[in-house]
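Opened the notebook to go through the charged pairs, then a bit of surface. Jotting things down as I look them up.

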Amino acid sequence: MEVENQQQRWEGYLDWRGRPALRGRHGGMVAASFVLGVEILENLAFLSNASNLVRYLGDYMHFSPSKSANNVTNFMGTAFLLALLGGFLSDAFFTTYNIYLISAVIEFLIQIGLVVLTIQARSPSLKPPECKKGTAETPCEVVSGGKAGMLFIGLYLVALGVGGIKGSLPAHGAEQLDETTTQGRKQRSTFFNYFVFCLSSGALIAVTLVVWVEDNKGWEWGFGIATISIFASIPVFLAGSHTYRNKIPCGSPLTTILKVLIGATLNRSPSNAVASMATSPSYPTQHSKGAEEEESGKAVPVPTQTPTNSLGFLNRAVINKPVHKALECTVQQVEEVKVVMKIFPILACTIMLNCCLAQLSTFSVQQAATMNTKLGSLKVPPASLPIFPVIFMMALAPIYDHFIIPFSRKLTKTEMGISHLQRIGIGLVFSIVAMAAAALVEVKRKRVASNSGLLDSTGQLPITFFWIAFQYLFLGSADLFTLAGLMEFFFTEAPTGMRSLATSLSWASLAMGYYLSSVIVSIVNSFLGTLNHRPWLSGSNLNHYHLERFYWLMCVLTGLNFLHYLFWASRYKYRSTGSAK
């Protein structure tokens, strides 16, 4: 009976009450679907504020276009970077389920942040005096002092809450699926595809309905919708509690990484390491040790393993007599750290793509604001232009999952069809094309401004905003291929005890991309601008910018980044079952 009960349990998982999770009752696509619903509401709240923020900072807080763009990218970068905190806590001390519930407190901080922004948006005393740009009668006063402090406190409270959720939610959904079976691994791939689909669904509502409300009814209404959405996500998540299986935390992954790195640095005798591996058993893992103790009542040494030759300098960490007892490492720990180190070059190669994606919510919105945004009798708000990549991503996600992947599986006779790294590579190619398209569209936009005699005007140009759709469509395709592929790649390749943190690296890549965008803009303005005594990206009139040069620069950098990616991807060896089959 005890053996039968053991077979019915998910080993290493608990239910929401802390009892052993049972097969057939916990986990599966039903449990994962609750996570997908939560993601729609959570991303709706986040992007409701971020999508129109660049224009809010310019129109109400009187920042220049480049300053507005940098503030938005810094805000979004911080939100995504804080996902690492949520992922770390999920792996080390709490379950992903508990991290989300703890984030209910952070949701309250989000509420405070939204309220702060709402008060500032409604109160004339908390924002700079209204002015008319381009006139000397009423010069525009940039927000400063306490008013600026209130603005940024509100923004970064929002970022704190967003980071906690994004660090735990994708891993929580993926943990519901059984990776030991072919069906489970295929379901996991489907989950990540539809996670991006649901992320896009929330974005679609944010850049259409919410943006329209903010532009026509007032900013306070937009913040109100975001507040309601983030609170509504909590009961949706709780509704699936009885179906979830929650991975038992394995301790701090950072401790393991540091121990191996320090041990490899201090233990400098390769001969001792070889002798140790040849004569003494490796330490059993917590997982295997627990199973053996349950069967025999005591720990049984596991036969020794031989570390791989790759990153051989780390093998010095598995020495028989380390310089300190705290630095004792197992072969498994060393191999896990090797995996983590091998995925970092892949992560680094995606940062440039996310730097390109940062343009979706900054310069591309400002470009569209100078163009004719009428669609028949309907005037489309510039901040709603990301609807193009969003709709394309929503259309492509099910096509990719239900048609492209099955066809590629039949063609290649492999379980994956298209590997994670191939999918990421396709996304990087799309980003190169997107930047080239953006440069060509900007050349055309400025030519229209020059021919119409409106180069010095901030008024609307006689060119339709549909030209901007090209760069949006290519960047949307790049985002779909890369984000879903990257999250699944990190989750499947990372050691079991580091999966939440590893999945959070996808958001960290976004964060670093947004920060890099700010750095490149600053470098372009300060360094390249001195060569011809005129910065490319400065001033209050976008028509005076050399934005086309900036986009060509991004195209070149993205192309070089792709070559860098090919170098590392061609040398990567998959470790997870089904990853490359």
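**Salt bridges, then a patch**

I get ten salt bridges in this structure, and I'm keeping in mind that the model is predicted.

I started with Lys166, which pairs with Glu39, the closest N and O atoms sitting 3.7 Å apart. Lys166 belongs to helix 7 (residues 145-174) and Glu39 to helix 2 (residues 29-50), so this bridge ties together parts that are 127 residues apart in sequence. I checked burial for the two, and both Lys166 and Glu39 come out buried.

Next I looked up Lys338, which bridges to Glu335 with 3.2 Å between the closest N and O atoms. Here both partners lie in helix 13 (residues 331-357), three residues apart, about one turn of the helix. Is Lys338 buried or exposed? I find Lys338 buried, because its relative accessible area of 1% falls under the 20% cut-off.

Then I went to Lys446 and Glu548, whose closest N and O atoms are 3.6 Å apart in a salt bridge. This pair links distant parts of the chain, with Lys446 in helix 16 (residues 420-451) and Glu548 in helix 19 (residues 547-569), 102 residues apart. I have Lys446 down as buried at 16% relative accessible area, and Glu548 as buried at 13%. Back to shared partners: I see Glu39, Glu42 and Lys166 joined into one network by their salt bridges.

Last, the surface. I noted a nonpolar patch of about 360 Å², made by Leu258, Ile262, Leu266 and Val323. Leu266 sits in helix 10 (residues 253-266), and I logged Leu266 as partly exposed, at 45% relative accessible area.

Technical notes: Residues numbered from 1 in each chain as written. Predicted model: local features only at pLDDT ≥ 70, side-chain atom pairs only at ≥ 80, totals over all residues. Heavy atoms only, no water. Patch = residues over 30% accessible without salt bridge, like charges linked within 9 Å, V, L, I, M, F, W, Y side chains within 5 Å. Areas by Shrake-Rupley, 256 points an atom, 1.4 Å probe, with all protein chains shown as cover. Salt bridge = Lys/Arg side-chain N within 4 Å of Asp/Glu carboxyl O. Helix = DSSP H or I, 4+ residues; strand = E, 2+ residues; numbered from the N terminus. Buried < 20%, exposed > 50% of the residue type's maximum accessible area, 1.4 Å probe, protein only.
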